Amino acid sequence: QVQLVESGGGLVQPGGSLRLSCAASGSIVSINNMGWYRQTPGKERELVASISHGGNTNYADSVKDRFTISRDNAKNTVSLQMNSLKPEDTAVYYCNADVIARPFYYAKSYWGKGTLVTVSL
């Protein structure tokens, strides 16, 4: 019932910027934590950044001071502003949200299908 759809991925040169967005839809009652993860072939999926309902944020050391996560609770969206991109940032980026939605009365974790970010000359 709940769907997360990412957008904003693409090709960017090293040092460039990109902004990812994720919109949650469905019979949503509330969303607790939201976050962005990324995965490269051969590597495990890793947390990039997360944000609580109240706006508390957490970042992976590798992206700290370069990426900024934000959310709009009224629109059920979360964004990731990525600056000073490096080739090692290349990955499929996945949106994640901890959602309470009908007909359930407890929170479940949902994932988007991912959006590809390629940082290359």
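A: Strand 4 and strand 5 are paired in the antiparallel sense, over 5 bridges. The model is predicted, so local features are given only at pLDDT of at least 70 and side-chain atom pairs only at pLDDT 80 or more, whereas totals for chains, interfaces and linings use all residues. Residues are numbered from 1 along each chain as its sequence is written, and side-chain values use heavy atoms, with hydrogens and water left out.

Q: Why are strand 4 and strand 5 called paired?
A: Two strands pair if DSSP finds at least two bridges between them; strand 4 and strand 5 have 5 bridges. A strand is itself a DSSP run (E, at least two residues), numbered from the N terminus. Within this pair, glycine 35 has serine 50 of strand 5 as its bridge partner. The hairpin of the two strands has 6 residues between them, and glycine 42 takes a positive phi near 90 degrees there.

Q: Which sense does the pairing of strand 4 with strand 9 take, and over how many bridges?
A: Strand 4 and strand 9 run antiparallel and are joined by 9 bridges. Methionine 34 has alanine 97 of strand 9 as its bridge partner.

Q: What partners does strand 11 have, and in which sense does strand 11 pair with each, parallel or antiparallel?
A: Strand 2 (residues 10-12) pairs with strand 11 in the parallel sense over 3 bridges, and leucine 11 stands opposite threonine 118.

Q: What makes strand 1 and strand 7 edge strands in their sheet?
A: The open sheet has 4 strands in the order 1-3-8-7, with antiparallel pairing. Strand 1 (3-7) and strand 7 each have a single partner strand, so one side of each lacks a neighbour in the sheet. The twist from one strand to the next averages 15 degrees, an angle that runs from 0 to 180 degrees between the N-to-C directions of axes fitted to C-alpha atoms. Strand 7 pairs with strand 8 in the antiparallel sense over 6 bridges, and isoleucine 69 has leucine 80 of strand 8 as its bridge partner.

Q: Why does serine 52 count as buried?
A: Buried means under 20% relative accessible area, exposed means over 50%, and partly exposed lies in between (1.4 Å probe, protein chains only). Serine 52 has a relative accessibility of 17%, so the residue counts as buried. Serine 52 lies in the loop between strand 5 (46-51) and strand 6 (57-59). Leaving aside residues up to four places away in sequence, serine 52 touches Asn32, Asn33 and Arg71, where contact means heavy atoms within 4.5 Å.

Q: Why is the pair of tyrosine 37 and tryptophan 111 called edge-to-face?
A: Rings of Phe, Tyr and Trp (its six-membered ring) pair if their centres lie within 6.5 Å; planes under 30 degrees apart count as stacked, over 60 as edge-to-face and the rest as tilted. The ring centres of tyrosine 37 and tryptophan 111 are 4.9 Å apart and the planes stand at 65 degrees, so this pair is edge-to-face. Tyrosine 37 is in strand 4 (residues 28-39) and tryptophan 111 in strand 10 (residues 108-111), so the pair ties together parts 74 residues apart in sequence. Tyrosine 37, at 22% relative accessible area, is partly exposed, and tryptophan 111, at 38%, is also partly exposed.

Q: How do you know that lysine 108 lies over the face of phenylalanine 104?
A: A charge sits over a ring if NZ of Lys or CZ of Arg is within 6 Å of the ring centre and within 35 degrees of the ring normal. Lysine 108 lies over the face of phenylalanine 104 at 4.1 Å from the ring centre. Arginine 45 lies over the face of tyrosine 94, at 3.8 Å from the ring centre.
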